[in-house]
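Okay, thanks for coming, everyone.

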Amino acid sequence: MTPRTTADAAPPSATAAPEPPRRLLRAAPMAATVVLLAAAPLFLAPYATTTLSRILVFALLAASLDLLVGITGLPSLGHAAYFGVGAYAAGWITIHLTPAVPVPLLAGAAFGGVAAAATGWFAVRSAGVFFLMLTLAIGEIVRQVAQSWDSVTGGSNGLYGIDLPSVAGAPLGNVGLLHWYVLAGAVLGYAVLRAVAASPFGAVLRGIRDNEPRMRALGYRPYGYKLAAFVIAGSVAGVAGALLAAQQRLVTPSDLGFTTAALALLAVVIGGAGTLWGPCLGAAVVVLVRDALGPTLDGHGPLLLGVVFIAVVYLLPRGAAGVRLRRGPGREQSEQEPT
Amino acid sequence: MLTWLDANLVSILNGLAIGSLLFILAVGLSLVFGMMDVLNLAHGALFLAGAYLGHLFVGQQAGWASFAGALGVAAVIGALAGGGLSVMTEPLAHRSHLDQALLTLGVALVVAELLSIAFGNDVQSVAAPPGLDGSTVVLGSTYPVYRLVLIGIGALLAVAVHVVIERTRLGLLVRAAVADREMVSALGVDERRVKAAVFGIGSALAMVAGVLGGPIYGARPGLDSTVLILALVVVVIGGLGSVRGALIGALVIGQVESLGRVLLADLASFVLFGALALVLVLRPQGLFGARAQART
Amino acid sequence: MTESRSTRILFSRRSVLGMLGTAGVVAAVPGCGSSLGGGGDAGGGGQGGAVKVGLVIPQAGVYAPLGVDMQRGWELYLNQHDGRLGDREVTTVVADEGEGPESGVPAVQRVLQRDRVDVVVGIVNSAVALGAVDAVTSAGKLLVVSNAGAGALTGENRNPLTWRTSFANAQVSSALGDHLAGQNLPGGVYLIAPDYAAGEEALGGFREAFEAGGGRIAGEARTPFGTTQDFQPFLAGIRSSGAAATFCFYAGGEAVSFVQQYDSFGLKQTIPLFGSGFLTEGGVLDAQGAAATGVQTSLHYTTELDNPANTAFIDSYTAANGAAPTVYSVQTYDAAAVLDRAIGQAGDVAGTALSEAMGSLGTIEDSPRGPWTFDGQNPRQTYYLREVRRQGQGYVNAVVADLGEFAQPA
Amino acid sequence: MTPMLDGTGLRREFGALAAVDGVDLAVEPGARHAVIGPNGAGKSTLLRLLSGTMRPTAGRVRLDGRDITRLAEASRARLGMAQTFQHSSLFGSMTARENVTLAAQRHGGHPAWPLPRSQRGVAVAVGELLEQVGLATRAGIAAGELSHGQRRQLELAVALACRPRILLLDEPAAGMSAAESARFAGLIEALPARLTVIFVEHDLDLVFRLAGHVTVLHLGRVLLSGPPDRIRGDPAVQEAYLGTRDREQLFIEPGGADVAAGT
């Protein structure tokens, strides 16, 4: 179910526009969630808080991927590349320039966006399975660069010893403070995605997802919109990467590898593509399954993960159906046509 | 020029051997995709299953009987597994590529993990059949006999697949289905059975490739994803749904992985995906794919 | 129609999410409290007479066989000592390191924050170890690495709370470099390794020692890490270089493929193969089979070492596990041994106290690998030149020569 | 007077078959121009060549005197060319209002604005358009859940939201009931007179009610072009239709319930 973005602009004659109280109601769970997340360190033990922080980082990655998969209809297998680029950029700047708070975040956003622009200009030209493959190739090439460029990335050992982020010169020296930093960054990134999705631009992205040929007939040139969405998603993924660098204090090539990208996709599909908040829940499930249940399975976590993949596809078709990859214009409609 | 050729002839030959194996692996993937739009990410796990099957039957002391037995059993199990996958993907026929990719990725994870439970995490090696396990001198260099034989097997299978696709009724249906899926139903043929047949043949070839690849690659956790990536690259470079494309793609990647790594030794890690990206940027539908636009 | 379908599906997704969510909460909740304390909180069994150890080893993925050997080594030591280290009851919490930092770092965080261990032991992967240093030491705990070979762990900028009972990558190969420099190899030595950090360090250690001894490098190559199954293109380069010997650094699946192909492409007969010991260690040797015979490697341990401690160790290890030990078992066995002494000496399990005790342990005389001491925070130990030989049904790394004592190169 | 839309020598081949084979077509500003012909005559292909969905193998298209042959579909749309499709082609997951808004914001809103904003002018225009096509009460329903007739109405609203100078309708009344068809004709009649309309239609009653000029295609060529009266009585046209199997369908059926009748 896609959010009804243009509802704000409903003329008085319309009947189905949600009244203001309902809009407030819709914002309420969001606000409550943020408050709850903010209060978490006060009553949770350190490890639970750390897990929560890790979920937030991954949730922002999943939500940014959802802007591509669920809202624009571009299923990317290489989104972790921008996550990783942002993480390396933020980590490098923290080590070599400054850990002062907004700087690493901005660096993550900038580098993630630039990397997405540098690769997106040709990636978004392709469609369907070719897009899947091209993004997979981009992801692998970027991972390989991270692994080979020792002097900057630390190669396969990763970029380690990243300082804690600091606010006004004071490092965020415990799990709770770090959690608040991650939360702030994640809320910020999520708000950007939300705003983009609810904007006229976001409506165009949904149009492209639903029916790209028709968009051309309406006078839209989808390429520019897709590229912009790709860059925004890459930029927000870069922010998530910067949060990872702060939270994990280590960035390695595997953070931008295929596994990370596939898990992010899984989160999107579990939660329901196109909703932005759904993938965040999906991310929580994925992280909990991997980190909390996985280790109790004698090292057979991948087995459980595989079962989850299969189950999600069969049991949660709605989450997946929301994707509506472009399989020919109006396929569903023509099937419903009366005869 | 001659000295260059002299120095690299073995690498070119080796590229042919690797290309042959890749063709056997990739042709099934290509047909299944071309026909049913199913991106089968479990293909690599089938290869690995074949490799472990080879290990189980053949182990370190190869006999011709056990090797042939492994090939036969691999073909049968592969065909059954393919049929199973065909049934599993049936409910997803009208869903997105992403759903199918996630489903088969899940299957791949489960199969690979079950294999690791059954065979452990150690590297297992598989011996080549007697007589083929030695090396011979080719063009002045020592070269394993088994790899030479592999080139022959690859050529043989390429011809066989070509004949099946071009000369038999099943081949006709497959070609028709690749061109236009609805048309097959219009011919009064149960489309699902054609799909199951193609899936079965493709998966059988993947497992056979696993047995054949055993003496070169061995059997170990993680091999599945490595060969899957190779097969995907082959298929995408060659163009989806085309036997000829799979053959050319396999030969190209065989050379990229062999000669390319010799010539661009410093960039060895980048040549594979570099080649893929290059092809897709220049020709987004692959070298032999004609239907990129229709397939969006 | 559409309406009812979407409600039903929505419902089913909710219920599944609910189930998973509940499971997650149950898993995450234990140990409520606050996360807003200072950076290093005192943690669990500080003075209480018991000690809690987090054993972080790979239980899944390609490194899992190493994890098995490490855990066996650890358990063997504890079983031989009544489950006590430094006369304190030991609780071991095993955590799965997985294949890399994405699972390894959370595993370290988990044993630290949730299980509140006093010491973290193990770790195969260098990236995980480097990432763990911050987490462990900022909590004021001791980290004892029993495999990962990254030089930086115990190098110049080492953290005072990080100790290692295994080796540094460059250390293992420098022993061989030093040895080969003394041989007459007019064609020089060709170097080859995967293009990742450990390979780079190994080649660096070899190169430095080899060139310092007057050796000549005939050529070098880096193979794509983790994705190379076919080494023919690189073998062609070795052949055409005219080298008199090859030095390589491979482990796991790549070690099997490389050694087998080095043989089947006919190089083994003409250009002898040398490598860091992991090339032929543990399970990979069985898989390599006859192709490995004659391959020579340097390492600080082999089951063929002839000393009483090793004989006893092998007997009890084999009796307990039905399999022979590997260098990985010994390194973790020794980690338990040094902790045993350090805890006893310090009478405390706080990081700084333990670290101080570790520094004053002197020579460990009764290790299966022979006597060794800490030099810096890494072992100074004897390296052996080993050659793969057939023995009965299987293959072993027979000791050919004693290469002398080596510490981590500066 | 410069024709609003002018196609000369248009040709489009599919393999060996020329679906459109040297068609000349001039549409005057403000015209109601119908293109008719039996199935397979090349009507839809011709429309696609005009709209830019398909490139011609040969020939030129001019819009208001300007050569647009090489312009992409989107560019033509920006020059004021809007279209509806033979098979409803909408944004299925969006409401009727969102569908029209998507078109309207492109031509008078801020389509690239990446933050939420109320496009007051667009909203008003969308409301009026929905009112105009009779969907005001269905504005909040997802397009995929509208009835067939309603979707065709929505198609028209979407096309009109592009503020077109020229409107290309491909079988706009296909699949409509007689009542719906009549209402639809009323909608077209109520369009501003300066708006040029080209439409392909099977329902000849509708054609002769709406069109001021009719072009008959047969086997990819223009058989005849002229005012409706001349077309109705022409023996060549009669024969062209008589030659087809679909004669009954084309001439006798009142509303033409032939959804599947494509070219």
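So, Asp87(C) sits in the loop between β2 (84–85) and β3 (88–96) of chain C; helices here are DSSP runs of H or I with at least four residues, strands are E runs of at least two, and both are numbered from the N terminus. Asp87(C) isn't a glycine, yet its phi is positive, about 60 degrees. Is this residue buried, exposed or partly exposed? Asp87(C) counts as partly exposed because it has 13 C-beta neighbours inside 10 Å. The cut-offs: buried is 20 or more other C-beta atoms within 10 Å of the residue's own, exposed is 12 or fewer, partly exposed is in between, with C-beta atoms placed from the backbone.

Before I go on, a word on what you're looking at: this is a predicted model, where local features need pLDDT of at least 70 and side-chain atom pairs count only at pLDDT 80 or more, while totals for chains, interfaces and linings use all residues. Residues are numbered from 1 along each chain as its sequence is written, and chains are lettered from A and ligands numbered from 1 in the order in which they are written.

Still in chain C, have a look at Ile123(C), in the loop between β4 (119–122) and α4 (126–138). Ile123(C) is another non-glycine with a positive phi, about 80 degrees. Ile123(C) has 31 C-beta neighbours inside 10 Å, so it counts as buried.

As for chain C overall, there are 13 helices and 14 strands, and 61% of its 410 residues are buried. Take its contacts (C-beta atoms, placed from the backbone, within 7 Å) with a separation of 6 or more: 70% of them join residues 24 or more positions apart.

Over to chain D. It splits into domain 1 (1–80 + 165–263) and domain 2 (89–163), with bounds from an automatic or database domain assignment. Their C-alpha centres are 25 Å apart, and 9 residues of domain 1 are in contact with 7 of domain 2. On the domain 1 side, helix α6 (residues 178–189) gives the largest share, 3 residues.

Last stop, α3 of chain D, residues 96–106. How many of its residues are buried? That's 11 of 11, Arg97(D), Glu98(D) and Arg106(D) among them. The buried residues pack against α8 (200–217) of chain A, plus α4 (120–133) and α5 (148–160) of chain D. After α3(D) comes Gly108(D), with a positive phi near 135 degrees.

Methods:
Two residues are in contact if their C-beta atoms, placed from the backbone, lie within 7 Å.
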